[in-house]
Amino acid sequence: MVLNITSIKTSSNGLWQDDNPLHFAFPLLILQTIIVVLLSRFLYFLIKPLRQPKVIAEIIGGILLGPSALGRNKEYLKTVFPSWSMPILETTATIGLLFFLFLVGLELDLASIRRSGKRALSIAAAGITLPFASGVGVAFVIRRVIPGADDADYAPFLVFMGVALSITAFPVLARILAELKLLTTQLGETAMAAAAFNDVAAWILLALAIALSGGDDHKSPLVSLWVLLCGLAFVGLMMAVVRPVMAWVARRAAERDAELWTCLTLAGVLAAGFATDLIGIHAIFGAFVFGLAIPKEEEDFAERLIERIEDFVSGLLLPLYFASSGLKTDVTKINGGKAWGLLAMVTAVACFGKMAGTFAAAVACKMKAREAMALGTLMSTKGLVELIVLNIGKERKVLNDETFAILVLMALFTTFITTPAVMAIYKPARRGGAGAQRRKLQRDTSGKEGAAHLRVLACVRSPRDVPSTINLIETIRGKSTLKLFILHLVELTERSSSIVMVLAARRNGLPFRNPLKKDTRDRVLVAFETYGQLGKVNVRPMTAISAIPTMHEDVCNVAEDKSAALIVVPFHRHGTENAGHEWRAVNRRILKEAPCSVAVLVDRGLGGGEQVGSAEVSRRVCVVFFGGPDDRESLELARRMAEHPGIKVNAVRFVVDGPKSAHLAVSLKPSPTKSAEDNYSFSMAAVDREKEKELDEAAVAEFRMRTDGTGTGYDEKPAINVLDDVIAMGRSGDYELLVVGKGRFPSSIVAALAERAPEHAELGPVGDALSSAVNGVVSSVLVVQQHDVVHSEEIPVSIVVEGADPASPA
């Protein structure tokens, strides 16, 4: 349709002057953008529990907005997506696409592709060749079955079909692998390398397809050849001339005028797109090649570019591209059983071609059959690049409406099925618990100490957590040989910067970056490496990049692999700042599933909020003891603190003594119907109360004996107004750190607090009261949970029965 663009006005005068904003380009574009973004985000919220990539939601959202669903209402289509607005919508979406493909080029590291070796190359070659050949075969069937499909020339049609069936979406695959914890396994590394080869080959084939498709005003093969040769010359110019220039720009940006060089680089993206469009290849090809030309050695510059544009492009503009694609996709064009059978055939051929070619090459490279099958499934992942191929094919009139709809649905299905299929085929074995004897600090009943060499895993979320964590580690190191593992927790998102971080991971089995490589970007790891050198502590810093719902798996797996006796995690609140409910949920899952003891640090400026050297440590610590396994673990931790010459420890034990405390004899009754979020949870496992009392007495006696001569204090208080007394200690400012047990197997004193309305139920009644911002506690708090070898589920309690037998399992 020929559209007179000059007749379209940009903005309206408003309703008060009788102008309908929907009849003007800019307000209508705003409305379209709002609808697209909200719908795609809502759909992503629905499919996120299924561990599906965001691209699935965006494709479905685009289809729903188009003639397949909502677009069947012609009034809606005429009002919200009128035909005159489509060039404007597509132009805006293409600008977003241009910069997104630039980000994809930034994600691909040609040097790492070259280092991947012959195995990844051979797997990628087989994974392209067979599905490409299958696509060519399918193309002949489609041309015969679908009316109008044979209007396009043979050569471009065959190439477009081959590319559509052989492509692998590199960015989507990276996120799926990271989500499944497979990224840095041998399978994941092979998949990423093969997908990178595949991506580069797909773009070459796409450039060939575009060159062959040409325009309506010429059919000469010489013109197509000239376009292709110019495209090759463009790539050569970018790699030979522009790449060294961009390396110089990156170095200059690190020294001065970073904003200037960043703006010039973004202008370069547009210039590269204009150049390839001038040649006769789509503008996005130029943006992609320009992204490849950015040197990956200058990581700060690449990160700065990503930070400038990724949220705006990926979150706002890119969904518009899916919407414009969906408006072209009319599922109702797939008419009759023959057409739906053709869809099933195309999908089956796409999956079989990828899986068979990849499987055969992987087995020939001596991969195990199950791994080879999982690799073939992973390589079937489609995504945005697939839609780009299909949209260009439709623009060039190589693909008609029905063929386009069939291929879009094929891409949607193959991407959707990837995650569940891989989870069903390939489940890597978790490493066994080699450190089963080192899972807690306290000595076991045989008298053997659980951690002769103290092994601690400390988790941090941001640079703000570093000083307090280092000060805590320095406080608890005592005289033991300390082996410290630092895990920087980084959320894996749909942002390109997440994938850039993920691709730097080089540790086996988990998405961890090699700490031996200098990484000036990660201030967290640098700070702990410095602490290890100055404090003469054996520090092993790592980075875990994972989605929030599965972050705890990384923490627990590392603790198991490294035989850690203690995990230290930061509380989700820091002063008045709140990291969010999601990070609180991470802590809750760690407390539930950890293979060792866990300590949650509620930081209120421990050590003054600044890191100090070992010789400068001067700290006052109070450990509160009520009885039970968690309290005994906290007592053992305090005993280790007392070994440090700069730490003064005071132990306060609350005891049931005299008639005033008789009311503390209680029992708890389980109430599974109550929410663990809003109620304290306790273990209802049967407990020998007499034996528990003996263990408590033995723990206190050992603590007093082993801290004799260190200046450690010990007091006993009657358990009358327990919380008031403990909160008063925290308010007084006499102690910089209060150490308390969580109380999963509560003493009768803690059990009496079970019906309090909790603010942070995961910390137990005492820890919750001390962590609350409303109680005016100024001391930092460490809430300790001892590892329970025979795990018992914690459940909320319904009531506290006064005057019951204190020997009952309270």
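A: Helix α1 (residues 25-47) packs on helix α4 (residues 86-107) at an angle of about 60°, and the two axes are 10 Å apart. Helices are DSSP runs of H or I with at least four residues, strands are runs of E with at least two, and both are numbered from the N terminus. This is a predicted model, in which local features need pLDDT of at least 70 and side-chain atom pairs count only at pLDDT 80 or more, while totals for chains, interfaces and linings use all residues. Residues are numbered from 1 along each chain as its sequence is written, and side-chain values use heavy atoms, with hydrogens and water left out.

Two packed helices are described by the angle between their axes and the distance between the axes. Each axis is a line fitted to C-alpha atoms, for helices over the stretch in contact, and angles between the N-to-C directions run from 0 to 180 degrees. Angles under 35 degrees count as roughly parallel, over 145 as roughly antiparallel, 65 to 115 as roughly perpendicular, and the rest as oblique. The helices α1 and α4 are therefore oblique to each other.

Their crossing is right-handed. A crossing has this hand if the near helix is turned clockwise from the far one by less than a right angle, and is left-handed if the turn is anticlockwise. On the side of α1, the contact is made by Ala25, Leu29 and Gln32; on the side of α4, by Ile88, Leu89 and Thr92. Contact here means heavy atoms within 4.5 Å. Of the residues in this contact of α1 with α4, four are nonpolar, two are polar and none is charged. In this division Ala, Val, Leu, Ile, Met, Phe, Trp, Tyr, Cys and Pro count as nonpolar, Asp, Glu, Lys and Arg as charged, and the others, Gly among them, as polar.

Helix α4 also packs on helix α11 (residues 258-279), here at an angle of about 110° and with the axes 10 Å apart. These two helices, α4 and α11, are therefore roughly perpendicular to each other. Leu98, Phe99 and Phe102 in α4 meet Thr265, Leu266, Val269, Leu270 and Gly273 in α11. This contact of α4 with α11 consists of six nonpolar residues, two polar ones and no charged ones.

Another pair of helices is formed by α7 (residues 154-166) and α17 (residues 401-425), which pack at an angle of about 15° with their axes 11 Å apart. That angle makes α7 roughly parallel to α17. The crossing of α7 past α17 is right-handed. Met161, Ala164 and Leu165 of α7 make the contact with Thr403, Leu407 and Met410 of α17. The residues in this contact of α7 with α17 are five nonpolar, one polar and no charged.

Single residues within helices can be examined too. Ser314 is found in helix α13 (residues 299-328). Ser314 is buried, with a relative accessible area of 9%. Buried means under 20% relative accessible area, exposed means over 50%, and partly exposed lies in between (1.4 Å probe, protein chains only). Apart from neighbours within four places in sequence, Ser314 is in contact with Lys54, Glu58, Phe100, Leu103 and Pro319.

Thr190 has its place in helix α9 (residues 186-213), and Thr190 is likewise buried, at 7% relative accessible area. Leaving aside neighbours within four places in sequence, Thr190 is in contact with Arg119, Ile123, Met367 and Leu375. Thr190 and Ile123 are 67 residues apart in sequence, and their C-alpha atoms are 8.6 Å apart in space.

Most residues other than glycine have a negative phi. Lys366, which is not a glycine, has a positive phi of about 70° and lies in the loop between α14 (336-364) and α15 (369-378). Lys366 counts as exposed, at 77% relative accessibility. Ser563, with a positive phi near 55°, lies in the loop between α21 (551-561) and β4 (566-570). Ser563 counts as buried, at 9% relative accessibility.

Finally, for the setting of these parts, the protein chain has 27 helices and 15 strands. Of its 810 residues, 57% are buried.
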